[in-house]
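Please look through the sequence and the structure below before reading on.

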Amino acid sequence: MRKSMLIIGLLLSFKTFAATPQELLKQYESQAKQEHSAFAGFSAEKGATFFKTERLHSDGKKVSCATCHTADPRNQGKTRANKVIEPMAPIVNPKRFTDRAKVEKWFGRNCRDVLERACTAQEKGDYVAYMLSIQ
Amino acid sequence: MKNWMQLVLLFTSISATSALLASGGMEEGGRAMPVVSNAKWAAECSSCHMLYHPGLLPERSWRKMMLGLDKHFGENASLDAAMQKEITAFLALNSADKQDNRRAKRINQSIPANSTPLRITETRYFTDKHDEVSANTFKRKSIGSASNCVACHKNAEKGNFSESQIKIPR
């Protein structure tokens, strides 16, 4: 009895970290609805544009998500310190978007590095939708 | 006859010394820093760059670095509070000024007491040791920059910088 309680407890705590990309999108959706009452769903196309659009960072350099991840999310990327970044597209890297804390950590860091602000739930959702659309 | 004996003695002592040096037995500086491990440190501090051994900087440097992770050499490397605390404690415990290792001690001694460097490459120990490596060599595509220790010191992440293991890529 106690054992099964423990297992259930473990499963529940695991659940808060592990997620499917679809569950993640659901969460972003409810956040996006709060941010914008006129929320009209996520768009893979908008996500693709978001991923590739370069902006001028205040340090004078042009930067986009693709700067480090490359223009094709099926490819390995490279950090500025020369380290390999595994592909973002779940089709080649199924581990992507299955750990909510990890996803939030990297959106938290990289949105500030690229956009110099936090990303909105709409942007995050579009980004994930784009990654899931890649075959 | 006496001279001949002296010569033999001298020769044996020289070869014994060089054998010891080659094995790293005599010169502690040639030995790897102690193996240290902490799962959070290893995972978090190696996701963007190679894993730097805590013995490469003094405690005050690590503390300063860990308090400025939102602007970590131009990148946002923020951690949650619990993670930040655990990694800082680990770095502090194994830092250059807390080590018995000769290389760590020398790095620490090369840093003036009134300075708190964040870049290992700015310590006098580093610049002295690399004065024969040109700026262009560091810029090679196979190396990237002087901060990429592993390009030439393949076991750098384990704290091993021994001379015999250096291989500068083309």
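This is a predicted model: local features need pLDDT of at least 70, side-chain atom pairs count only at pLDDT 80 or more; totals for chains, interfaces and linings use all residues.

Residues are numbered from 1 along each chain as its sequence is written, while chains are lettered from A and ligands numbered from 1 in the order in which they are written.

Start with chain B, which has seven helices and zero strands. Helices here are DSSP runs of H or I with at least four residues, strands are runs of E with at least two, and both are numbered from the N terminus. The pattern along the sequence of chain B is therefore written α-α-α-α-α-α-α. Of the 170 residues in chain B, 39% are buried. Buried means under 20% relative accessible area, exposed means over 50%, and partly exposed is in between (1.4 Å probe, protein chains only). Among contacts in chain B between residues at least 6 apart in sequence, 57% join residues at least 24 apart.

Next comes the interior. A nonpolar core is a set of buried Ala, Val, Leu, Ile, Met, Phe, Trp, Tyr and Cys residues joined through side-chain atoms within 4.5 Å. The largest such core has 28 residues, and B:Trp41, B:Tyr52, B:Leu56, B:Ile87 and B:Leu91 have the most contacts inside it. Three helices of chain B, α3 (59-66), α4 (81-93) and α5 (102-109), each supply at least two residues of this core. The largest share, four residues, comes from α4(B). Which residues does B:Tyr52 touch, not counting residues up to four places away in sequence? They are B:Trp41, B:Trp62, B:Ile120, B:Ser147 and B:Cys149.

B:Ala146 lies in the segment after α7 (135-139) of chain B. Its relative accessibility is 21%, so B:Ala146 counts as partly exposed. Leaving aside neighbours within four places in sequence, B:Ala146 is in contact with B:Thr121, B:Phe126 and B:Phe138. B:Phe126 is 20 residues from B:Ala146 in sequence, and their C-alpha atoms are 9.8 Å apart in space.

Now turn to the interface. The size of an interface is often given as the accessible area lost when the parts come together. Buried area is that loss for two parts, found with a 1.4 Å probe and summed over both. Chain B and chain A bury about 1,000 Å² between them, 39% of it on carbon and sulfur atoms. On the side of chain B, B:Cys48, B:Glu75 and B:Asn76 lose the most area to chain A, together 48% of what that side buries. In terms of contacts, 16 residues of chain B meet ten residues of chain A.

Salt bridges also cross this interface. A salt bridge is a side-chain nitrogen of Lys or Arg within 4 Å of a carboxyl oxygen of Asp or Glu. The structure holds 15 of them over all chains, and three are found across the interface of chain B and chain A. One joins B:Glu75 and A:Arg80 (2.8 Å, N to O). Another joins A:Lys105 and B:Glu44, with the closest N and O atoms 2.7 Å apart. This pair runs from helix α5 (residues 100-115) of chain A to helix α2 (residues 39-44) of chain B. A:Lys105 is partly exposed, with a relative accessible area of 24%, whereas B:Glu44 is buried, at 15%.

Other salt bridges lie within chain B. B:Arg63 and B:Glu59 form one, with the closest N and O atoms 2.8 Å apart. Both residues lie in helix α3 of chain B, four residues apart, about one turn of the helix. B:Arg63 is partly exposed at 38% relative accessibility, while B:Glu59 is buried at 19% relative accessible area. A network of salt bridges links B:Glu59, B:Arg63, B:Asp97 and B:Lys98.

Methods
Side-chain values use heavy atoms; hydrogens and water are left out. Contact means heavy atoms within 4.5 Å.
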